[in-house]
Amino acid sequence: MLADRATTAELTGPAPAAPALDVPDQVVILAAGMGTRLGRPWPKPLTPLHDGRSILQRQLDNLRAVFGSSVDITVVVGFEAERVMRAVPDVRFAYNPDYRVTNTSQSLLRALRATRDGGVLWLNGDVVFDPAVLETALLALRADESFVCVDTSTVADEEVKYTVDAEGWIAELSKTVVGGLGEAVGINHVCAADKQVLVEHLATCAEQDYFERGIETAIASAGLRIRPLDISAYAAVEVDFEADLERANALFAERSHLQPVSDDPA
């Protein structure tokens, strides 16, 4: 069962190869940024966790444990690109050469333009999460629905927040939302029918816009419908600051097979 595989992955590290599931098989991980707020000299996705894996490697292990070893994963690189590519050579890569002056809207735009037909699940490259989050999303993925994973248990000022319209679809999605119902956790899906609309709106974003801006304008002007998918029952931590990293380690290290952690990931 999926839950059994996820538990095994938490306890022992990477799970054995799992059979592919009937879900969209394209995943994008946004890992091009410089991660200056965390203050490490390497790309933030390569930050070591107390379980011995980097944030990025833990994401890959979770994706393969739930979706199968054949899931098609593209990592968008920029800052220290070759270092990331050496660390996880068994995925596809897209390069954002303007990573110093652009934000996630432009990295996601490059990635979506390079994908095949069909829906795309995308993750921020600094999210440490329970694989049960992906299991929670399976029904929506199989139905090819567009969604944003949200945590309704917390609404911090500095995080991306959301509101909904009268029918329950996302109405606003940004860090400046007032009266937010929860936080976006950095795990999202665009269905096949919505992908081109999202691409068009990402292309109109300013260089420093987050991808959420493209979602907001597509909702407002193109009627895009995005479901808020509540994953509050499970942990997901977006690591921006040292306190976030400490929280992620506290939440997950005790359920993992601890290994020595290098101070400087290769």
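Let's start with Ile73. Leaving aside its neighbours within four places in sequence, Ile73 is in contact with Val27, Ile29, Leu60, Leu63, Arg64, Val91 and Arg92, where contact means heavy atoms within 4.5 Å. Apart from it lies another core, of 30 residues, with Val148, Ala184, Val190 and Phe211 among them. A nonpolar core is a set of buried Ala, Val, Leu, Ile, Met, Phe, Trp, Tyr and Cys residues joined through side-chain atoms within 4.5 Å. Buried means under 20% relative accessible area, exposed means over 50%, and partly exposed is in between (1.4 Å probe, protein chains only).

The largest nonpolar core has 35 residues, and those with the most contacts inside it include Ile73, Leu63 and Phe67. Helix H2 (residues 55–67) gives this core its largest share, 5 residues.

## What you are looking at

This is a predicted model, in which local features need pLDDT of at least 70 and side-chain atom pairs count only at pLDDT 80 or more, while totals for chains, interfaces and linings use all residues. Residues are numbered from 1 along each chain as its sequence is written, and side-chain values use heavy atoms, with hydrogens and water left out.

The protein chain has 9 helices and 11 strands. Helices (H or I, at least four residues) and strands (E, at least two) are DSSP runs, numbered from the N terminus. Of the chain's 266 residues, 57% count as buried. Among contacts between residues at least 6 apart in sequence, 74% join residues at least 24 apart.

Why can helix H4 (residues 104–114) be called largely enclosed by the rest of the structure? It is because 8 of its 11 residues are buried. These buried residues are Thr104, Ser105, Gln106, Ser107, Leu108, Leu109, Ala111 and Leu112. They pack against strands S1 (26–31), S2 (72–77), S4 (120–124) and S9 (183–190), and against helices H7 (192–203) and H8 (211–222).

Look at Ser105, which has its place in H4. Ser105 counts as buried because its relative accessibility is 0%. Its side chain makes a polar contact with the side chain of Gln106 (3.0 Å). A polar contact is a pair of N or O atoms within 3.5 Å; within protein, one must be able to donate a hydrogen and the other to accept it, and residues adjacent in sequence count only if both atoms are side-chain atoms. Not counting residues up to four places away in sequence, Ser105 touches Leu202, Cys205, Ala206, Glu207, Asp209, Tyr210 and Phe211.

## Lys195 in helix H7

Is Lys195 buried or exposed? Lys195 is found in helix H7 and is buried, with a relative accessible area of 9%. A polar atom of the Lys195 side chain lies 2.5 Å from the backbone oxygen of Arg116.

Lys195 and Arg113 are 82 residues apart along the chain, yet 9.4 Å separates their C-alpha atoms. Leaving aside neighbours within four places in sequence, the contacts of Lys195 include Gln26, Leu112, Asp117 and Val190.

Strands S7 (residues 161–164) and S8 (residues 170–174) run antiparallel and are joined by 4 bridges; two strands pair if DSSP finds at least two bridges between them. Thr163 stands opposite Glu172 in S8. The two strands form a hairpin with 5 residues between them, and Gly168 in the turn has a positive phi of about 90°.

Positive phi also turns up in residues other than glycine: Glu80 has a value near 50°, and Asp144 a value near 55°. Glu80 is in the loop between S2 and helix H3 (81–87), while Asp144 lies in the loop between helix H6 (138–142) and strand S6 (147–151).

## Charged partners

How many salt bridges does the count come to? The count comes to 14, a salt bridge being a side-chain nitrogen of Lys or Arg within 4 Å of a carboxyl oxygen of Asp or Glu. In one of them, the side chains of Asp51 and Arg58 meet (3.7 Å, N to O), and both residues are buried.

The side chains of Glu167 and Arg225 also meet in a salt bridge (2.8 Å, N to O). This pair links distant parts of the chain, 58 residues apart: Glu167 is in the loop between S7 and S8, and Arg225 is in the loop between H8 and strand S10 (227–230). Salt bridges that share partners also join Arg37, Lys44, Asp126 and Asp240 into one network.
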